[in-house]
Amino acid sequence: MEKSICPICMGELKVIGSRKRKMIDTGGETVRLVVRRLRCMNENCRRIHHELPDVVVPYKMHTAATFEKIIANDFQDTPAEESTIARIRKWFIDRADALVGGLLSIYTAHFQSSGIGPSDLPGSILGRIHFFVENSSGWLKRLVRILVNNNRWVHTRLA
């Protein structure tokens with residue numbers, strides 16, 4: 001079995017338990033997940049992480065597929081009320097620049113000689129995101145995975 005690695009310090013993670021989490025699937029049903037809790041064994045870090053499945057957007061109830069549909073203005077068969085749709089759209093608009101910035105910083109760190117900067121990216125925010133994670137179904141899952149695993153996920157848990 002492959003060892004889990006801390007995205008902050010690259011230390012080894014150890015399972016310390018689990019917790020329950022609710023999620024609203026694309027059909028509008030509430031699904032209960034059991035999420036593993038992991039602690040970094042590095043004495044200088046000791047942070048706790050939660051192992052989320054790809055379908056989950058951190059700190060959000062609806063699936064990444066529902067978020068994708070709402071962001072793309074495809075509200076048909078979306079299991080969300082109008083107020084929830086408005087909140088999801090606002091969430092994306094408020095964080096879009098930070099999401100693109102996170103992707104650009106990761107790309108630059110891994111491909112330092114690429115010479116790609118903000119002026120080389122498409123004009124629209126969604127176009128910029130799709131430049132890095134492709135414009136196919138599941139783009140938000142890929143975006144979340146990349147940013148979370150590189151410790152670049154922007155959250156406002158305390159706001």
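Which residues in H2 meet which residues in H3? In this predicted model, Phe92, Ala96, Asp97, Val100, Leu103, Leu104 and Tyr107 in H2 are in contact with Ile125, Leu126, Arg128, Ile129, Phe132 and Val133 in H3. By class, the residues of this contact comprise 11 nonpolar, no polar and two charged. Helix H2 covers residues 82-110 and helix H3 residues 125-133. Their axes come within 10 Å and cross at roughly 35°, and the crossing of H2 past H3 is left-handed.

H3 also packs against H4, at an angle of about 75° and with the two axes 10 Å apart. Angles of 65 to 115 degrees count as roughly perpendicular, and H3 and H4 are therefore placed in that class. On the H3 side the contact is made by Leu126, Ile129, His130 and Val133, and on the H4 side by Trp139, Arg142, Leu143 and Ile146. Six nonpolar residues, one polar residue and one charged residue make up the contact of H3 with H4.

Helix H4 spans residues 139-149, and Trp139, Leu140, Leu143, Val144 and Leu147 are buried in it. These residues lie on the same side of H4, because they cover an arc of only 130° around the axis. An α-helix has 3.6 residues a turn, so residues three or four places apart point the same way. The cover over the buried residues of H4 includes helix H1 (64-71), H2 and H3. After H4 comes Asn151, which has a positive phi near 55°.

Two loop residues, one on either side of H1, were also examined. Thr63 is located in the loop between strand S3 (48-51) and H1. Its relative accessibility is 5%, and because buried means under 20%, Thr63 counts as buried. With residues up to four places away in sequence not counted, Thr63 touches Met23, Ile24, Asp25, Thr26 and Val55.

Pro79 is located in the loop between H1 and H2. With a relative accessible area of 23%, Pro79 is partly exposed. Apart from neighbours within four places in sequence, the contacts of Pro79 are Ile24, Asp25, Thr26, Gly27, Gly28, His62 and Thr66.

Methods
Residues are numbered from 1 along each chain as its sequence is written. This is a predicted model: local features need pLDDT of at least 70, side-chain atom pairs count only at pLDDT 80 or more; totals for chains, interfaces and linings use all residues. Side-chain values use heavy atoms; hydrogens and water are left out. Axes are lines fitted to C-alpha atoms, for helices over the stretch in contact, and angles run from 0 to 180 degrees between N-to-C directions. Helices (H or I, at least four residues) and strands (E, at least two) are DSSP runs, numbered from the N terminus. A crossing is left-handed if the near helix is turned anticlockwise from the far one by less than a right angle, and right-handed if clockwise. Contact means heavy atoms within 4.5 Å. Ala, Val, Leu, Ile, Met, Phe, Trp, Tyr, Cys and Pro count as nonpolar, Asp, Glu, Lys and Arg as charged, and the others, Gly among them, as polar. Buried means under 20% relative accessible area, exposed over 50%, partly exposed in between (1.4 Å probe, protein chains only). The arc is that of the directions from the helix axis to the C-beta atoms. Angles under 35 degrees count as roughly parallel, over 145 as roughly antiparallel, 65 to 115 as roughly perpendicular and the rest as oblique.
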